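Here is a friendly briefing to read with the model open beside you.

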Amino acid sequence: MWSEPNWTVPQEFVILGFSGWPQGLRVLLFSLLLPLYLATLAGNLLILGLALAEPTLHTPMYFFLGSLSAVEVAYTLVLTPRMLAGFLLPPGGQAVAPSTCAAQMGLFVALGGSECLLLAAMALDRYLAICRPLYYPQLMTSGLCWALLTSCCLGGSILALGLTTAIFQLPFCHGGLVNHVFCDLPAVLVLACGNRELQEHVLLAACMLLLVLPLILILLSYTRVLVVILGVGDSAGRRKAFNTVASHLTVAVLHYGCATAMYARPLSSRSLEEDKLVSLIYINLTPLLYPAIYTLRNRDMQGALQRVVSQRTMGAVQQADLD
């Protein structure tokens with residue numbers, strides 16, 4: 001611990017990651033996680049591409065789904081490459097400038113916050129489509145979709161700017177060793193000295209705003225949707241609507257469950273070593289499950305993929321015949 005005159009921002013932060021683990025184990029983790037990273041990018045880019053290219057998917061639901069995939073791609077690119085590089089570097093961790101650390105933290109919060117709000121917007125879309133079908137085309141217009149998307153991104157960005165600024169205004173007297181795989185909020189906040197109570201309260205308030213309240217609204221919306229599904233329509237229509245809702249609800253529970261378990265706790269009750277292990281799940285596995293859930297359980301997405309593949313195959317065959 002530094003003396004009080006040295007309470008300042010370190011000249012560099014060192015992201016320790018798993019640099020203390022044996023080299024063989026780190027190489028093994030790299031070999032396991034690299035394919036997951038590539039599959040996550042491919043799956044989310046596939047959903048985004050289909051949502052843009054396939055005319056039958058130009059609906060509000062797939063507009064939000066494509067937007068969610070775009071956020072997931074950005075989220076993965078911000079966190080995963082540096083984490084994977086850490087497995088191959090010599091022991092001692094990765095040194096980053098304070099500005100780089102702050103930027104990574106800010107982007108992580110902005111993208112994660114935008115995703116939380118987007119999931120709530122998707123729940124609103126499904127609620128209006130199923131519970132208010134007569135008014136749905138007039139309510140969920142293209143302008144409203146873009147307004148909701150813009151609001152989600154602005155909300156996440158404003159929150160990220162506030163949290164990152166509040167943390168990096170604190171004096172740091174515990175050095176710059178970040179015991180995590182990236183510049184996560186709690187891992188950097190524990191390095192600070194002085195009165196951290198305000199920042200902890202802000203962090204918990206942000207968790208309430210982005211996690212607890214949207215999750216309650218999502219659960220209430222989907223509960224109402226399920227009641228309506230079970231009460232009207234034929235069996236085929238009910239099955240399609242139920243599969244759509246089940247996919248959205250599964251993703252929401254995965255996202256909010258992991259995020260709440262990680263961040264809705266005071267610093268005194270958390271273990272950074274445990275947080276670091278859990279981060280392997282929400283950085284690598286959870287983003288991979290999203291495209292798997294949406295594509296495997298969604299017939300519209302499957303049909304669009306088959307049409308795109310068929311068109312490409314027929315085009316290649318015709319080109320070969322002409323040659």
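Arg307 is partly exposed, at 35% relative accessibility, where partly exposed lies between buried (under 20% relative accessible area) and exposed (over 50%), with a 1.4 Å probe and protein chains only. Its salt-bridge partner is Glu54, with N to O at 3.1 Å. This is a predicted model, in which local features need pLDDT of at least 70 and side-chain atom pairs count only at pLDDT 80 or more, while totals for chains, interfaces and linings use all residues. Residues are numbered from 1 along each chain as its sequence is written, and side-chain values use heavy atoms, with hydrogens and water left out.

**Salt bridges**

- The structure holds three salt bridges, each defined as a side-chain nitrogen of Lys or Arg within 4 Å of a carboxyl oxygen of Asp or Glu.
- Glu54 sits in the loop between helix 1 and helix 2, and Arg307 in helix 10 (residues 299–322), so this pair links parts of the chain 253 residues apart; helices here are DSSP runs (H or I, at least four residues) and strands are E runs of at least two, numbered from the N terminus.
- Glu54 is buried, at 7% relative accessible area.
- Asp125 pairs with Arg126, their closest N and O atoms being 2.9 Å apart; Asp125 is buried at 1%, and Arg126 counts as buried at 12%.
- Glu273 and Lys276 form a salt bridge with closest N and O atoms 3.6 Å apart.
- Glu273 and Lys276 are three residues apart in helix 9, which means about one helical turn separates them.
- Glu273 is partly exposed at 41%, whereas Lys276 is buried at 3%.

**Helix 3**

- Helix 3 (residues 98–131) has 34 residues and spans 49 Å from its first C-alpha to its last, close to the 50 Å expected at 1.5 Å a residue, where the expected span is 1.5 Å times one less than the number of residues.
- Of those 34 residues, 26 are buried, leaving helix 3 mostly covered.

**Cavities**

- There are four cavities of 30 Å³ or more; on a 1 Å grid over the protein atoms alone, a cavity is a set of points where a 1.4 Å probe fits but cannot get out, and lining residues have an atom within 4 Å of a point.
- The largest cavity has a volume of about 390 Å³, a volume being the space filled by probe spheres set on the grid points, which are joined across faces, edges and corners.
- Its lining has 25 residues, with Phe108, Gly112, Leu211, Ala259 and Tyr263 closest to the centre.
- Helix 3 gives the largest share of that lining, six residues.
- By class, the lining of the largest cavity has 19 nonpolar, four polar and two charged residues; Ala, Val, Leu, Ile, Met, Phe, Trp, Tyr, Cys and Pro count as nonpolar, Asp, Glu, Lys and Arg as charged, and the others, Gly among them, as polar.
- The second largest cavity has a volume of about 110 Å³, and helix 2 gives the most to its lining, with four residues.

**Second largest pocket**

- About 280 Å³ of space lies in the second largest pocket, a pocket being an open set with protein on both sides within 12 Å along at least five of seven lines.
- Of its 18 lining residues, Ala51, Thr59, Tyr62, Phe63 and Trp146 are the closest to its centre.
- Helix 2 supplies the largest share of this pocket's lining, six residues.
- The pocket lining has twelve nonpolar, six polar and no charged residues.
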